[in-house]
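Student: Please take one part of this model and go through it closely. I would like the helices around the pocket and the annotated spans treated together.

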Amino acid sequence: MTPPPTSTEAAATAVPTTDVTPGPAPAAVPARPVGPVRGGALVLVGMLLVALNLRAAVTSLGALLDEVRGGLGLSGAMAGLVTTLPTIAFAGLGALTPWLVRRWPAPRVLVLAMLALTVGQVLRVVTDSAAVFVLTSALALAGIAVANILLPMLVKQHFPHRTGLVTGAYTMTLTVGTTVAAASAVPVAHAFGSWRAGLGVWAGLAALA
């Protein structure tokens with residue numbers, strides 16, 4: 001009698017019933033790259049929008065100062081205070097900006113500065129009080145003063161290898177905003193029949209920035 005095969009012999013003589021040959025590996029789905037170029041372009045656009053606002057609130061008021069004095073009944077002393085507010089704001093708030101940056105991230109401070117500029121420009125064209133007009137103008141100028149200091153800092157932070165080029169771009173944009181605001185404030189005011197429109201239109205640009 002033939003003895004039954006051992007388990008080792010059975011395993012050796014067993015015929016495989018399935019093909020276990022591995023097939024081709026599935027093609028890997030490439031991850032969508034997050035390019036720094038697009039992010040840098042968005043940052044640059046944001047900086048240029050900020051630069052457009054850095055003088056518009058000042059030069060538009062200068063062009064319409066006589067209409068504002070007549071509409072609000074500003075005295076000579078009050079009108080003089082309004083014209084000196086930019087210098088006061090730039091000196092005082094500009095000196096506080098490094099302290100603000102040490103407490104909060106610079107981009108967040110810049111957003112708050114643009115918010116102050118927007119709110120200040122809106123409130124000063126809806127009031128009939130000379131005192132409120134001066135205070136809200138100071139709020140708008142405070143936003144400009146802080147942004148004026150922050151913008152060069154952010155250029156060096158985000159564009160360390162193109163500092164000169166980006167600085168030139170936002171300086172040119174600042175000049176364009178200054179000129180356009182001064183030249184168009186009176187025509188806009190006359191088109192809408194009020195100095196308030198000539199000043200308030202720039203709040204929309206600040207909100208966009």
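Tutor: This is a predicted model. Start with residues 132-155: the chain there is 100% helix and 0% strand, with its end C-alpha atoms 35 Å apart. In UniProt, an unreviewed entry gives residues 132-155 as a "transmembrane region", and the record places the same feature at 41-65, 77-97 and 109-126. Residues 77-97 can be described in the same terms: 100% helix, 0% strand, and 29 Å between the end C-alpha atoms.

Now the pocket. The largest pocket holds about 260 Å³ of space. Its lining takes at least two residues from each of α2 (36-52), α6 (106-124), α7 (130-158) and α9 (195-208). Among these, α6 gives the largest share, 6 residues. The lining has 16 residues in total, and those nearest the pocket centre are V50, P107, L110, V111 and A209. Sorted by class, 13 lining residues are nonpolar and 3 are polar, while none is charged.

L112, L115, V119, V122, L123, V126 and L139 make a nonpolar surface patch of about 580 Å². The largest share of that patch, 5 residues, comes from α6, and V122 is a patch member that lies in this helix.

How values were computed
Residues are numbered from 1 along each chain as its sequence is written. This is a predicted model: local features need pLDDT of at least 70, side-chain atom pairs count only at pLDDT 80 or more; totals for chains, interfaces and linings use all residues. Side-chain values use heavy atoms; hydrogens and water are left out. On a 1 Å grid over the protein atoms alone, a cavity is a set of points where a 1.4 Å probe fits but cannot get out, and a pocket is an open set with protein on both sides within 12 Å along at least five of seven lines; lining residues have an atom within 4 Å of a point. Grid points are joined across faces, edges and corners, and a volume is the space filled by probe spheres set on the points. Helices (H or I, at least four residues) and strands (E, at least two) are DSSP runs, numbered from the N terminus. Ala, Val, Leu, Ile, Met, Phe, Trp, Tyr, Cys and Pro count as nonpolar, Asp, Glu, Lys and Arg as charged, and the others, Gly among them, as polar. UniProt positions are given in the numbering used here, feature names are shortened, and annotations may be inferred rather than shown by experiment. Patches are made of residues with over 30% relative accessible area and no salt bridge: like charges are joined within 9 Å, nonpolar side chains (Val, Leu, Ile, Met, Phe, Trp, Tyr) within 5 Å. Accessible areas come from the Shrake-Rupley method with a 1.4 Å probe; for residues, only the protein chains shown count as cover. A salt bridge is a side-chain nitrogen of Lys or Arg within 4 Å of a carboxyl oxygen of Asp or Glu.
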